Amino acid sequence: MHLVAPSILSADFSRLEKDILMVNRSSADWFHLDVMDGVFVPNISFGFPVIKAIQKLAQKPLDIHLMIVRPDRYIEEFHRHGAHILTLHYEAETHLHRSVQKIKSLGMKAGVALNPHNPVTLLFDILHEVDLVCLMSVNPGFGGQKFIPHTLQKIRQLHEFKQKHGLQFHIEVDGGVDTANFKGILAAGADVLVAGNTVFVSENPEQTIRQLKEI
Ligand code: DX5
Ligand code: ZN
């Protein structure tokens, strides 16, 4: 069964509680939280005070996606803020292996995210250590962008490696996931769908989440 992680970046921050409670009620599995520093990506999203507020209300695991330079500096702090899954970018971390070990030693699940231009082969020597790979299907920084179709090939290649080596990590796809393309994404081998705009801009977000959970 695949998982759905609504991306809070697309929520209404003037009524954040309402959107958090909606996700709690819905058939979604995780909260996806995008942290951006304005350096690694050309946008700034939110930080610890907002995550603290979300942590108070959220009744599902927090899947935190760090789009910041040198994310190793903040691993402990995200742990204190209730991260269940902490995902760092391959492109932002020189000593990925060390940081993955640190995340796991604190009891969190470790994820690695990969930008659209980078091949999945770059991850082949870390895959046996990670709990999740987040394949970016848009250039990170903004919600509401169009899915990059080439991602499907990357999902297939990663899934093939995973099967061949008997590995267990999740394959998460992040960016431009909608009710028209999600089945193809799952068929390619992904098992976690991040969805921001598709969920929060829709008329009935709970129903949209239910739709994304269909197989
Ligand atoms: C993009 C973020 C995504 C974003 C997805 O940089 O990592 O998680 O919120 O938004 P949608 O689903 O609208 O493309
Ligand atoms: Zn994300």
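Of the 20 residues around ligand 1, the nearest are Ser7, Asp34, Gly141, Gly144 and Asp174. The model is predicted.

| Residue | Protein atom | Distance to an oxygen atom of ligand 1 |
|---|---|---|
| Ser7 | side-chain N or O | 2.7 Å |
| Gly176 | backbone N or O | 2.8 Å |
| Asn197 | backbone N or O | 2.9 Å |

Taken alone, ligand 1 exposes 380 Å², and the protein buries 99% of that.

Now to helix H2, residues 48–57. Which of its residues are buried? They are Phe48, Ile51 and Ile54. These residues lie on the same side of H2, because they cover an arc of only 120° around the axis. Pro49, Lys52 and Lys56 sit on the other side of H2 and are exposed. What do the buried residues of H2 pack against? Their partners are two helices, H1 (16–25) and H3 (75–80), and two strands, S2 (31–36) and S3 (62–67).

The loop between S3 and H3 holds Arg70. Most residues other than glycine have a negative phi. Arg70 is not a glycine, yet its phi is positive, at about 45°. Is Arg70 buried, partly exposed or exposed? Its relative accessibility is 45%, so Arg70 counts as partly exposed.

Notes:
Residues numbered from 1 in each chain as written. Chains lettered and ligands numbered in written order. Predicted model: local features only at pLDDT ≥ 70, side-chain atom pairs only at ≥ 80, totals over all residues. Heavy atoms only, no water. Buried < 20%, exposed > 50% of the residue type's maximum accessible area, 1.4 Å probe, protein only. Helix = DSSP H or I, 4+ residues; strand = E, 2+ residues; numbered from the N terminus. Arc of directions from axis to C-beta. Contact = heavy atoms within 4.5 Å. Near = heavy atom within 4 Å. Polar contact = N/O pair within 3.5 Å; in protein donor to acceptor, adjacent residues only side chain to side chain. Areas by Shrake-Rupley, 256 points an atom, 1.4 Å probe, with all protein chains shown as cover.
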